[in-house]
Amino acid sequence: MVQLSRICFRKYGNFVDNLRLYVRGGGGGMGLPRLGGIGGNGGDVWVVATKNMALKRIKDKYPHKRFVGGAGANSSVRALKGERGTDKEVLAPVGITVTTDDGKIVGDLNTEGDRLMVAKGGPGGSFRSAFEPSKGQTKLIRLDLKLIADLGLVGFPNAGKSSLLTAMSNATPQVADYAFTTLKPEIGKLMYEDYKQISVADLPGLIEGAHINKGMGHKFLKHVERTKQLLFVVDVCGFQLASKTEFRTPFEAVQLLTKELELYKEELVLKPALLVVNKMDLPDAEDNLAELKEQLQNPDDGLFCTRPCLDPMDSPPFKQKLSQFVYTHTHTHTHTHTHTLSIHLALG
């Protein structure tokens, strides 16, 4: 167990977890018909896994997001064989999946130094092509981070995920008192005095039907795939998206969240998960909690109450549980076939 005496939070603003790029291989060089000269091949475009690189850095450095290989040199009297064009490298973070614009997987970059060709340069002009060069391949590709955080906050809109993150840290994600949801992940790191770190992602809220892409569901569920463990956040008084939608009790909310994950991708329910029951300062919260505990199995497994609000300096048991949970499951390779939730209460 990690012993905590002080905890701080570092926030990463404008986080980018996917990027769309235009890539084009260099065109080949002209051949020289009268001497049989061959033009140089165009340069290729490669994506290279690089340590300490971020997609946001690529976006900031190359705002047009265009990467083109060098053109092959023309054949000449002085050099019958034209020089090959220069390859273009896109330095990308480790742990990304490269896909075409229509979703076809090109390949994965899992370790530093991994390389993937994404656009091949065109061949130079030769006898076979009547000494006419060819253009390089042109593609639109996407770089997707496969893992964005150790822990992902999962819940319906207005469940209090952003408020919980604020209470856990000095982060200031956008919050509202209506059914508002985060549209992009807020990423931060809990940093402990013993130098251990836990990255936390405040993920966009889900709605019923997310697994069939309702309400940008697939885009939001994709973020869930990219976290190692899950922290379910449920309003103790239930959830209702709008006046015309059905009201859901806290237990139904847990069931629906799990169902949405399973219907989208079955292996998501194998991720280790904790449950936070939020907004315990609301009327009838204690009665609702008692009912929820009756409906859940093993409700006392790891039960924590923090009163009157969850504060990073005043609730070390909760932080200890998070640290123990994350590091236990990070270094444990056994998988269960059930989605087991431990109950934690975030009051405030």
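Modeller: Strand β6, residues 96-100, pairs with β9 in the antiparallel sense, and five bridges join the two. One of the contacts to look for is T97, whose bridge partner in β9 is D144. Please keep in mind that this is a predicted model.

β6 and β9 belong to an open sheet of five strands, in the order β4-β2-β9-β6-β7, and the pairing in this sheet is mixed. At the edges stand β4 (66-68) and β7 (105-109); each has a single partner strand, so one side of each is left without a neighbour in the sheet. On average, neighbouring strands here are turned by 25 degrees against each other, direction ignored. As background, strands of a sheet pair through backbone hydrogen bonds, and they do so either parallel or antiparallel.

L19 has its place in strand β2. L19 and L143 are 124 residues apart in sequence, yet their C-alpha atoms are 5.1 Å apart in space. With a relative accessible area of 4%, L19 falls under the 20% limit and is therefore buried.

L35 is found in the loop between β2 (18-24) and β3 (45-50). L35 is partly exposed, because its relative accessible area of 42% lies between the 20% and 50% limits. Together with V77 and L80, L35 forms a nonpolar patch on the surface, and the three share about 260 Å² of accessible area.

Going on to β3, you come to another sheet. This open sheet is formed by three strands in the order β5-β3-β8, again with mixed pairing. β5 (88-93) and β8 stand at its edges, each with a single partner strand, so one side of each has no neighbour in the sheet. Neighbouring strands of this sheet are turned by 30 degrees against each other on average, direction ignored. β3 and β5 pair in the parallel sense, over six bridges. If you want a pair to find on screen, T50 stands opposite P93 in β5.

Most residues other than glycine have a negative phi. N52, in contrast, has a positive phi near 60 degrees, and N52 lies in the loop between β3 and α1 (55-61). F131 also has a positive phi, near 65 degrees, and its place is the loop between β8 (115-119) and β9 (138-145). How do the two stand in terms of cover, buried or exposed? N52 counts as exposed, because its relative accessibility of 63% is over the 50% limit. F131 is buried, because its relative accessible area of 12% is under the 20% limit.

Strand β10, residues 149-154, is mostly covered, with six of its six residues buried. Five bridges join β10 to strand β13 (residues 227-235), and these two strands run parallel. Within that pairing, G152 has L230 of β13 as its bridge partner. β10 also pairs with strand β12 (residues 197-202), again in the parallel sense, over three bridges. There, L151 stands opposite V200 in β12. As a general point, the side chains in a regular strand alternate between the two faces of the sheet.

V200 is a handy link to the next strand, as V200 is also the bridge partner of G188. Strand β11 (residues 186-192) pairs with β12 in the antiparallel sense, over six bridges. The hairpin of β11 and β12 has four residues between the strands, and in it Y195 takes a positive phi near 75 degrees.

Among the buried residues of α4 are P250, F251, A253, V254, L256 and L257. T258, E260 and L261 in α4 are buried as well.

Conventions
Residues are numbered from 1 along each chain as its sequence is written. This is a predicted model: local features need pLDDT of at least 70, side-chain atom pairs count only at pLDDT 80 or more; totals for chains, interfaces and linings use all residues. Side-chain values use heavy atoms; hydrogens and water are left out. Buried means under 20% relative accessible area, exposed over 50%, partly exposed in between (1.4 Å probe, protein chains only). Patches are made of residues with over 30% relative accessible area and no salt bridge: like charges are joined within 9 Å, nonpolar side chains (Val, Leu, Ile, Met, Phe, Trp, Tyr) within 5 Å. Accessible areas come from the Shrake-Rupley method with a 1.4 Å probe; for residues, only the protein chains shown count as cover. A salt bridge is a side-chain nitrogen of Lys or Arg within 4 Å of a carboxyl oxygen of Asp or Glu. Two strands pair if DSSP finds at least two bridges between them. Axes are lines fitted to C-alpha atoms, for helices over the stretch in contact, and angles run from 0 to 180 degrees between N-to-C directions.
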